[in-house]
Each structure stands twice: as C-alpha cells, then as structure tokens.
Amino acid sequence: MRGVSINVGALAVIAALVTGTATAHDYLYTVRPGDTLWDLSEKYIKRGVAYTRRLQELNGVDDPEHLQPGSKLRFPIQWLKIQPAPATVNQVLGSARARTVDSEQEQALSEGHKISVGDVVITGEDGNVVVEFADGSRLLIRANSEVVFDSMSVYGDTGMADTRIRLQRGRVGVEAKPARGPGSRYEIHTPVAVSAVRGTDYRVSAEELRPAARTEVLSGIVNVAAEGRSRAVAEKFGVVAEKGTPLAPPRKLLPKPETSGFADHLERLPLEFTWESLRGARAYRVQVADTKDFGTLFVDRTVSKPEIDRIYLERDGDYYVRIRGIDAVGLEGLDAVDKLTLNARPEPPVLLQPVDQILVRSARPEFAWTEPERARAYRLQLSLDKDFISPFVDLEIERLTRFLPSEPLNPGTYFWRLATRDSQLELGPFGDPQSFTYQPPPPSPAAIPPSVTEDALNFRWSAAEGGKRYHLQIAADAQFNDILIDELQSEPAYTLHRPTPGTYYLRVATVEPDGYEGPFSAVQSADVPYEGWWKPLLFWLSIVIVVL
C-alpha cells in the first residue's frame, strides 16, 4: 500500500461535511439581514477556490440568496482568507530602534512606526515601547529588550488574529484581547519556552547569559511549553523555564506590597518612597508611569530594600506608582498601584543665609537665596512656628534674591521659607523651612578708670557672667594702629608693669563660650607721668655698671 499523507485540518472538514457538526477549526458567523452565501464567500473565503457550493453543503443551506438572520454559518479555518496585519508603535520613551527584515541597518523608533513580519525592535537602558496589533492586543516592550516579530496576520474580517513574537532577551508585558475564534493565536517564544494565550494579562522575561524564561500570569490562564513539557499557568501563578531542566510546577506569585503610607500629593524633588517589607521578597521592582495601564514607564528600577529615592520626573501632573516583590527564583509578584499628584514646580530656591540652625547676632539679619530658572518673584514667609500657621512676614519679592527686615527682631528662634513665582505667574510650592536663633551680642564691658602706681599701670572693667572671656587691646594711639597688647583674658583685670612715660589707650570686648566676640568697649586712656622717670633709668644703669 502506498504511503498516504493526510492533513489533520482536512480530515476535520471532511468529518464536518459527513456529520454536519461544527469542529474546533470552524469559524462561526452569525447571519445578518441581507446576507447571501455568495457575498459571504467573496468576503471571507480565499480567492480562486470554488468553496461556495461546498460551504452550502457544509451548512445545509437550501437557498444561498435568502439566509435566515441570526442563524450560524460554519467556515473552516483552512478556507478563510489570510492577510498580513502590520503592528503599530503607539508610544516610545527613551532610546529604541528598529531593524527591518529587508535591511540590517537600524533606525530610531518613533510613534506611528509600522512593524512588519520579520522586523526587530531593540530598546536601550531607558527605552520603553508599546506596540498595538490589528486585533487591539498590546505588547509592552521594556528596557534592554530585543523582540522579533515572526508572524502577524488576520483572517479577513473575522477579527481572528495570529500573532507570534520572539523575545530574545529582556522583558515584555502582554495585554491580549479575548480570542475571537479558533484561528486566534498569541504566542511569545523565548530561547527556552513558549507562552501561548488569548484574552489575558501576563508578563514574560528572557535571560541571555543564563538561558531562562519567566512567565507571570496576572489574569486568565497561560500555557507554557518548554523541554517537551507543557503546563497551564493559572492567574496569580508563575513558572520558570530553564534550558536543559524539566519545566517546574507553577508557584504562587508574591502578594502585592503594602503601600498605604504613600502620600498622594507631593511637592518635593527628587521623589522617594518607602513601603513595608514583603515576606519572601528578595528584591522589588518599582515603576512610575503617567497612565494607569503603565504603557510608557518613566521609572523602571529594581531595588533590594523596600525603599527608593532620587526619582526625577520632568513635569508636574498625575502619575501612577507600581511596586511588586521579586521572589527567590526571580518571579515578580502582584502589583500595588498608587496614584499621586506631583506639584513641585516652579521649584523653590535654595536657601543660602541664614543657614539652618545658626545663631545670628544681628537684629536685622540679611536673607539670601539662589535664583531658579525662569523665576520672576518669590514669596517669603517668616514665622515663630515651624508649621507657619501665623507667619508675621508674608510678602512677595520681585526679582531680588536678598531681603533685609525693616524692623529689628526680638530674641528667639525663627523659621523661614520661600516659594518661586515663574514667568507664567504660577506660584510653586514652598521649600523646606530653615530655622535660626537671634541672640543679641554680649554687652561691652564697662571700663573702670585705670590707676597708675610707681611701677605699674592697672586696668579693670566690669565682669561678665557665664564663663565669658575678654579680648583686651592696649595701644599707643587712639586709633589702635600701634597695638602694644592684644590678648585673651579670663579675668576682668590687667596690669602693665614698668610702663614707660606716655599715654596708653585701652578697649575690651566680651567673648562668648562659643567664640563669638561682641563689640569693643569705649576707649579709655591713661597717662604715665614723666616725674621720676630717672628712677628706672638709674636702676638699669646700676645693672650695667655691676656687669662691667
């Protein structure tokens, strides 16, 4: 007997013709008013093949010109028209490029780009691309990924699509539309596994260095095949496929982290978030997008602790933060999603002086700050409470980056902060406040009139309390250009021994324990008379004679 090759699909059609029953390979069409079998054949069935009469026999149609509205017609999949259906790039963020099947040259990817069968999309470290297929299904290509589009076709106007892509490396998210018929197919191939699904939401990743693929199912059921074995992965489960290793059973994904402590209104850049530690998580993935479907990611980071910082977003507005745990085998869990509103611009200036927590001695300290880009004016507030419930200074300052209070401050602790008004007259948020304490300088000591003896000049001044010291200066002139003594004293007295005749000038300042020095006192003068000037001279002459 000769060998016979039989197509399984053809056998199914023959069986349907014989039994009059629909098979899993039939597309079912609901007849509408005005339909004829000839028109439907023209619309759905391949050209050049006389399928119309066979279609009439298959469906038991007596009158091809008058079909019963609401009745069902069966079209074998093998008879249907198949046509290519290019995909469209909906969104691009960061670096992404494409290589067409006809050229090895790569070009930058942009929104609206048409992707054909055989094309390759490659994303960089900051790249994210959203691709939409003919049936409305979407593929979210994440950073550092390479995707080959192997098959993209539709069965005429049936709504059934056949989509097969190859994930060479990286990560993708899949939002597949529900199957419209038996011809619908959506498969993601990796170097070690195949994930096949319709009408579900799931993620697939592929590693290059250590050949492995991970599939995480968020809704529906995904069939994963690897190493000759297939497993159905249910919602909230995931599976890891490794080259040369039998496909492991699915394991439950980590629950979503607890993020109830997130603030929903933020006014500071850079952003930072913390959340509760999740049991079983060795790491976390944090993503930020401006739409709830997370089509385009502005942030996509993996962190080892339940915290992330240094997040910069280029504009104010509404954002969504998505956080999930990563378990010991690298499967990523369920998402915690929070909405936030960012209102951080125009950004407040940097406060320069008084610096935070400083002690100032001037009753009218000067305030200074930086000038942000496009700043037109500033709103300055000065308060005695850190919450600024009742600021006693609240004014707008145009252009200038300095301010001097018109009235002296009373001793105490103060808080100050600034906001920027830009060229569009929009007032941004206040920056973090800083504090300072005003303490008047210590009073100058009151000098006591000096006393002159035969061999000394004695100076005294009023004592200060609290462990203070004194800065003493004695000069030969009232302008203190010729300073004879310049010392730090712990006692409120000083004796100048054996002064030469002449006039001496004294001034004293109090020095605080922290080193702050107050103003000098009023200058006091003292005269050493010339009477008896010969006595010290005689004393020194006698010493010279003895030596000689």
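**Labels and their grounds**

Author: Helices α2 and α3 cross in a right-handed way. The model is predicted, so local features need pLDDT of at least 70 and side-chain atom pairs count only at pLDDT 80 or more, while totals for chains, interfaces and linings use all residues. Residues are numbered from 1 along each chain as its sequence is written, and side-chain values use heavy atoms, without hydrogens or water.

Reader: At what angle do the axes of α2 and α3 cross?

Author: Roughly 115°. The axes of α2 (residues 37-44) and α3 (residues 52-59) come within 10 Å. Axes are lines fitted to C-alpha atoms over the stretch in contact, with angles from 0 to 180 degrees between N-to-C directions. Both helices are DSSP runs (H or I, at least four residues; strands are E, at least two), numbered from the N terminus.

Reader: Which residues make the contact of α2 and α3?

Author: On α2, Leu-37, Trp-38 and Ser-41 take part. On α3, Thr-52, Leu-55 and Gln-56 do. Contact here means heavy atoms within 4.5 Å. By class, these residues are three nonpolar, three polar and no charged.

Reader: Asp-39 is also in α2. Why is Asp-39 called partly exposed?

Author: Its relative accessible area is 48%. Buried means under 20%, exposed over 50%, and partly exposed in between (1.4 Å probe, protein chains only). Asp-39 therefore falls in the middle class.

Reader: What makes Arg-460 count as partly exposed?

Author: Arg-460 has 48% relative accessibility, so it is partly exposed. It lies in strand β37 (residues 456-461). Leaving out residues up to four places away in sequence, Arg-460 touches Ala-447, Ile-448, Pro-492 and Ala-493. From Arg-460 to Glu-57 the C-alpha atoms are 129 Å apart, at 403 residues along the chain.

Reader: How do you know that Phe-294 counts as buried?

Author: Its relative accessibility is 1%, which means that Phe-294 is classed as buried. The residue is in the loop between β23 (283-289) and β24 (297-303). Beyond four places in sequence, Phe-294 touches Leu-140, Arg-142, Gln-287, Ala-289, Tyr-320, Val-321, Arg-322 and Val-337. C-alpha to C-alpha, Phe-294 and Pro-255 are 19 Å apart, at 39 residues in sequence.

Reader: Why does Ser-521 count as buried?

Author: Ser-521 has 9% relative accessibility, so it is buried. It sits in the loop between β42 (517-520) and β43 (524-528). Apart from neighbours within four places in sequence, Ser-521 contacts Ser-444, Pro-445, Arg-507 and Val-508.

Reader: What makes Arg-310 exposed?

Author: At 57% relative accessibility, Arg-310 is placed in the exposed class. Arg-310 is part of strand β25 (residues 307-311). Its phi is near 55°, a positive value in a residue other than glycine. Leu-425 has a positive phi too, near 65°. Leu-425 is in the loop between β34 (412-422) and β35 (434-438).

Reader: How do you know that the peptide bond from Leu-269 to Pro-270 is cis?

Author: By omega, which is near 0°. Pro-270 lies in the loop between β21 (265-266) and β22 (271-274). The bond from Gln-353 to Pro-354 is cis as well, again with omega near 0°. Pro-354 is in the loop between β28 (351-353) and β29 (358-360).

Reader: How many cavities of 30 Å³ or more does a search of the whole structure find?

Author: One. The largest cavity has a volume of about 30 Å³. A cavity is a set of points on a 1 Å grid over the protein atoms alone where a 1.4 Å probe fits but cannot get out; lining residues have an atom within 4 Å of a point. Points join across faces, edges and corners, and the volume is the space filled by probe spheres set on them.

Reader: Which residues line the largest cavity?

Author: Ala-85, Phe-133, Ala-134, Asp-135, Met-152, Ser-153, Val-154, Ala-161, Asp-162 and Thr-163. β11 (146-154) and β12 (161-175) each supply at least two of the lining residues.

Reader: What is the lining of the largest cavity by class?

Author: Six nonpolar, two polar and two charged residues. Ala, Val, Leu, Ile, Met, Phe, Trp, Tyr, Cys and Pro count as nonpolar, Asp, Glu, Lys and Arg as charged, and the others, Gly among them, as polar.

Conventions:
On a 1 Å grid over the protein atoms alone, a cavity is a set of points where a 1.4 Å probe fits but cannot get out, and a pocket is an open set with protein on both sides within 12 Å along at least five of seven lines; lining residues have an atom within 4 Å of a point. A crossing is left-handed if the near helix is turned anticlockwise from the far one by less than a right angle, and right-handed if clockwise.
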